[in-house]
Amino acid sequence: MTLTDIRDAILTGDTTAVGDLPVPETYRGVTVHEDEAGMFDGMPSRDKDPRKSLHVDEVPTPEPGPGEALIAVMASAINYNTVWTSIFEPISTFKFLKRYGKLSPLAQRHDQPYHVVGSDAAGVVLRTGPGVHRWKPGDEVVAHCLNVELEGPDGHNDTMLDSDQRIWGFETNFGGLAELALVKANQLMPKADHLTWEEAACPGLVNSTAYRQLVTTNGANMKQGDVVLIWGASGGLGSYATQFALNGGAIPVCVVSSPEKAEICRRMGAELVIDRNAEGYRFWKDENDQDPKEWQRFGARIRELTGGEDPDIVFEHPGRETFGASVYAARRGGIIVTCASTSGYLHQYDNRYLWMNLKRIIGSHFANYRESWEANRLIGKGLIHPTLSKTYPMADTGQAALDVHRNAHQGKVGVLCLAPEEGLGVHDQEMREKHLTRINLFRGA
C-alpha cells in the first residue's frame, strides 16, 4: 500500500476510506539540510538561490501524538518564511528545531538533520492522535500555521502570546510542502467546498495574518472610511489586505511596483494606486542614509489621491526599505502595523514624526486560533478570495521560492503535492461559478 492508493481514494471521492488504508512508513517532502546551512555564507541575500538549498527527499512518517493529526497534503503554497528557511536567514531554522526539541519527548521528534518546510496545506485527515475528537480520517481540511503548547497562562487570552508559540513548518518540522504533514489538531479548519486544492491551500498564512493586522483589536482595528496605505498590495499579504480594506468600507491606497500589479489592484476594486517604480521613489540615498524629501514627496502623492488625507493605517511588511516613509506618511495619531521585514529587519525612522504626532507602531505576527478561524470562514463564504497566480509541481518548489524571493510573482504561488493536476477538489460548483471571476483574478499574472 502506498500514498498513491490514498491519493486515489481522495480523488475518487471516497475520503472515508482513507482511515482504513495503511499509512506508508516514508513520504516525500521539501527539505533543507542541516549540513548545508552555511552554503550561502558571505553572499548577498538577493544572490542566494532557493533552488540550490531546497530538496525533495523521502523522509520517515511521524506518528501523531496526543492532540495531533497526520494529513495527506493535496496542495501547499509558498510563503516568505520558506524563502527565509531556504536561504538560512536571519538564522538557520535548525536552531528553532533544536530549541523546540528540548521542550518535551514529543517535541524532540522535530529535531532532525533535515527540515520539512511549508506553512500552508490543504488536504485530508489520515490519522488522529489520542484526545482528538473534532476531526476524523477523511475530513477535508486546511491548516493554519499557529503551533502553541498552551501550558502557560500567557496564551489563554491570545494564543499568539503563548510562551511557546511557533510557526508550523518554519519553527517546527513536518511542514506542508510535502505529501504528508503533521499538525496539532487545533490547526485544522474546514476546506472551502467551492475551491480547488491549490486555491484552498494558498490563503492560510497570509489571509490570517492580514486579518489580525488590519481588522481585529489586536491589530489596527480598522473601521469604515479609514485610509489604509498598503505596501505590496498585489502580493501575498497585500492582496488580502486590499480585500479586507475594501470589504470593511475602508479606502485602500495600494502601493505596487509595476503597471501589471497596479491593474490587478484596480480589478480588485481599489481606485487609488501608486506605482512606486514608475513614480521613481527612492527612500534611501545610499546604504546608510534615507531621503526625507522622498518621504515628503510620497506623502504629498497620497494626499493628492485621497483629497488631502493622510493614512489612518499603514499596512507594513517590506521593513527596512519603506519603514521610514511609513512612519512619516501616517496621519497624526495614526497606526503603523507591521508583520514582517522582507527588505531587512533593522528599521530606521525619524522618531520626531512618531512621538510628536502621537503615532503608534503595532507589531503583529500571524493570528490567534479565533482570528484564523474567522479569516477562513470568510474564505468559505466567498467574501474573501484566494489570490493564486501560478502553481508548480512539488519537484519545482525551489523555482517557486525563487519567484517569491525575487518578487517575480503576484498574489500567492501554489505547489501541488499529492494532487496530480490543478482544478481538483471542488464540491460546490454553483458557488464557484458565482465567484469564478474573483477566484481567477490573479491567474497567469
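User: What makes residues of domain 1 and domain 2 count as in contact, and how many are there on each side?

Analyst: Contact means heavy atoms within 4.5 Å. By that test, 20 residues of domain 1 are in contact with 19 residues of domain 2. Do keep in mind that this is a predicted model, where local features need pLDDT of at least 70, side-chain atom pairs count only at pLDDT 80 or more, and totals for chains, interfaces and linings use all residues. Residues are numbered from 1 along each chain as its sequence is written, and side-chain values use heavy atoms, with hydrogens and water left out.

User: Where do the two domains lie in the chain?

Analyst: Domain 1 covers 3-207 + 367-440 and domain 2 covers 220-363, with bounds from an automatic or database domain assignment. Their centres, taken over C-alpha atoms, are 29 Å apart.

User: What area is buried between domain 1 and domain 2, and what does that value stand for?

Analyst: It is about 1,500 Å², with carbon and sulfur atoms giving 53%. Buried area is the accessible area (1.4 Å probe) that two parts lose on being put together, summed over both. On the domain 1 side, Val206, Ile384 and Gln410 lose the most area to domain 2, together 32% of what that side buries.

User: How many salt bridges and how many polar contacts are counted between domain 1 and domain 2?

Analyst: There are 0 salt bridges between them, a salt bridge being a side-chain nitrogen of Lys or Arg within 4 Å of a carboxyl oxygen of Asp or Glu. Polar contact gives 11 residue pairs, both residues at pLDDT 80 or more. That term needs a pair of N or O atoms within 3.5 Å; within protein, one must be able to donate a hydrogen and the other to accept it, and residues adjacent in sequence count only if both atoms are side-chain atoms.

User: Why is the link between Glu179 and Arg28 called a salt bridge?

Analyst: The N to O distance is 3.0 Å, so the pair of Glu179 and Arg28 meets the 4 Å limit. Glu179 lies in the loop between strand 8 (166-167) and strand 9 (180-184) and Arg28 in strand 1 (residues 26-33), so the bridge ties together parts 151 residues apart in sequence. Helices (H or I, at least four residues) and strands (E, at least two) are DSSP runs, numbered from the N terminus.

User: And why is the aromatic pair of Tyr281 and Phe298 called edge-to-face?

Analyst: Rings of Phe, Tyr and Trp (its six-membered ring) pair if their centres lie within 6.5 Å; planes under 30 degrees apart count as stacked, over 60 as edge-to-face and the rest as tilted. Here the centres are 5.3 Å apart and the planes at 80°, so Tyr281 and Phe298 are edge-to-face.
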